[in-house]
Amino acid sequence: MITPRYGVALAIGLLAVALVAPKAWAGEPADQLLAQLDQLQKVLDDQQLKQPAKLQERRQAIRRVANDVLDYEEITKRSLGRHWQTRTADERHEFIQIFGDLLERAYIGRLANFNGEKVAFLGEAIDGDQAVVRTKIVTKQGAEIPVDYRMLRRGDRWRAYDLDIEGISLVANYRAQFDKIIQHTSYQQLVKQVREKQ
């Protein structure tokens, strides 16, 4: 479904090893995002959790932080696009769960393999209850990968509903794939394929 390079960039996009721009520039959405990414880094650096016997505990800790960063319901709603409206409440709940599991297995599990990448905070734009936090990832080889977090405020929390990596939207990519599957087969076939990817 998603190219390996994009999957790696998404996983890196959830990882912040060092922020090279001053946090003083950041507003509320960026402050919350950067704090969550810092928490994720602490989990990844925890020597106790790196032990083989702690693999499951480590993955659960990573998922807890990812749940604070990502708005799985909004990601799912936007990824299904126009097909979201025709789904029942039960179908929506089911798809949020299985799609969230797919995202976790496909990308979050890759986080443990990263070491030495740096994330630079470039700025943010806030428009009411939506914001874009712009960053770039600098790999150990010096390559720069732009990553924009599109965020939505729910109450007093900001969570990402899309990641734009090198100009490619995670949500738009999945929306195109999901729409094609539904158009050529059925929604039930999409559910089956997402389950099989798990």
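Colleague: Which strands does helix α4 lie across?

Modeller: Helix α4 (residues 72-80) lies across β2 (130-138), β3 (144-154) and β4. It runs at about 45° to β4. Axes are lines fitted to C-alpha atoms, for helices over the stretch in contact, and angles run from 0 to 180 degrees between N-to-C directions. Helices (H or I, at least four residues) and strands (E, at least two) are DSSP runs, numbered from the N terminus. This is a predicted model: local features need pLDDT of at least 70, side-chain atom pairs count only at pLDDT 80 or more, and totals for chains, interfaces and linings use all residues. Residues are numbered from 1 along each chain as its sequence is written, and side-chain values use heavy atoms, with hydrogens and water left out.

Colleague: OK, the sheet. In what order do the strands come?

Modeller: The order is β1-β2-β3-β4-β5, in an open sheet with antiparallel pairing. Two strands pair if DSSP finds at least two bridges between them.

Colleague: Which strands stand at the edges?

Modeller: β1 (118-127) and β5 (168-169) do. Each has a single partner strand, so one side of each is left without a neighbour in the sheet.

Colleague: How many bridges join β4 to β5?

Modeller: 2 bridges, and the strands run antiparallel. I165 stands opposite I168 in β5.

Colleague: Back to α4. Is S79 buried or exposed?

Modeller: S79 is in helix α4. It counts as buried because its relative accessibility is 1%. Buried means under 20% relative accessible area, exposed over 50%, partly exposed in between (1.4 Å probe, protein chains only).

Colleague: What does S79 touch?

Modeller: Leaving out residues up to four places away in sequence, S79 touches F99, V171, Y174, R175 and F178. Contact means heavy atoms within 4.5 Å.

Colleague: At what angle do α4 and α6 cross?

Modeller: Roughly 50°, and their axes come within 7 Å. That makes α4 oblique to α6. Angles under 35 degrees count as roughly parallel, over 145 as roughly antiparallel, 65 to 115 as roughly perpendicular and the rest as oblique. I75, R78, S79 and L80 of α4 meet V171, Y174, R175, F178 and I182 of α6.

Colleague: New topic. How do α2 and α3 cross?

Modeller: The axes of α2 (residues 28-45) and α3 (residues 55-69) cross at roughly 175° and come within 9 Å. The two helices are therefore roughly antiparallel to each other.
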